[in-house]
Amino acid sequence: MSPRTDIAFPFRADRRGRTAHATHGEHVHDLIEQLLFTSPGERVMRPDFGCGLLDLVFAPAGPELVSTLELSVQASLQRWLGDLIEVEALDVVGDDNTVRVHLSYVLRATGARRDDVFEGRTTA
């Protein structure tokens, strides 16, 4: 049985001119990244999709904001990707014009544990 593959994000052609593919783990990583850095209202057919982390980079930093962000991210991950991953640990860190999300999770399909860092920057 061959390993499961999905379409790569962002959508692109591979070196053979065909649709680029990603392993299941890479695909889930890409889905998490899309969810984290999409602002609610950005997608026409799914206006409630996303976390909007980049919208809050310039908000006054403090423990309340970090706790709110972590709860919002946790809820979004559960809602949109809960069938694909089980979140084990989550840490949101913001500085200047950058936000970093440290995420430990288990891929439900394989049981593989992953530790990833997702980083987004604003250009403002």
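Modeller: Helices and strands here are DSSP runs, numbered from the N terminus: a helix is a run of H or I of at least four residues, a strand a run of E of at least two. Trp 80 lies in helix H2, and the part to look at is where H2 packs on helix H1. This is a predicted model, in which local features need pLDDT of at least 70 and side-chain atom pairs count only at pLDDT 80 or more, while totals for chains, interfaces and linings use all residues. Residues are numbered from 1 along each chain as its sequence is written, and side-chain values use heavy atoms, leaving out hydrogens and water.

The chain has two helices and five strands, in the order β-β-α-α-β-β-β from the N terminus. H1 covers residues 24–37 and H2 residues 63–81. Their axes are 10 Å apart, at an angle of about 130°. Axes are lines fitted to C-alpha atoms, for helices over the stretch in contact, and angles run from 0 to 180 degrees between N-to-C directions. H1 and H2 are therefore oblique to each other; angles under 35 degrees count as roughly parallel, over 145 as roughly antiparallel, 65 to 115 as roughly perpendicular, and the rest as oblique.

Contact means heavy atoms within 4.5 Å. On the H1 side, Leu 31, Ile 32, Leu 35 and Leu 36 meet Val 73, Ser 76, Leu 77, Trp 80 and Leu 81 of H2. These residues comprise eight nonpolar, one polar and no charged. Ala, Val, Leu, Ile, Met, Phe, Trp, Tyr, Cys and Pro count as nonpolar, Asp, Glu, Lys and Arg as charged, and the others, Gly among them, as polar.

Take Leu 35, in H1. Leu 35 has a relative accessible area of 0%, so it is buried (under 20% is buried, over 50% exposed, in between partly exposed, with a 1.4 Å probe and protein chains only). Leaving out residues up to four places away in sequence, Leu 35 touches Phe 49, Gly 50, Cys 51, Ser 76, Leu 77, Trp 80 and Leu 81. Its C-alpha atom is 6.3 Å from that of Cys 51, 16 residues away along the chain.

Trp 80 and Gly 50 are 30 residues apart in sequence, with 8.8 Å between their C-alpha atoms.
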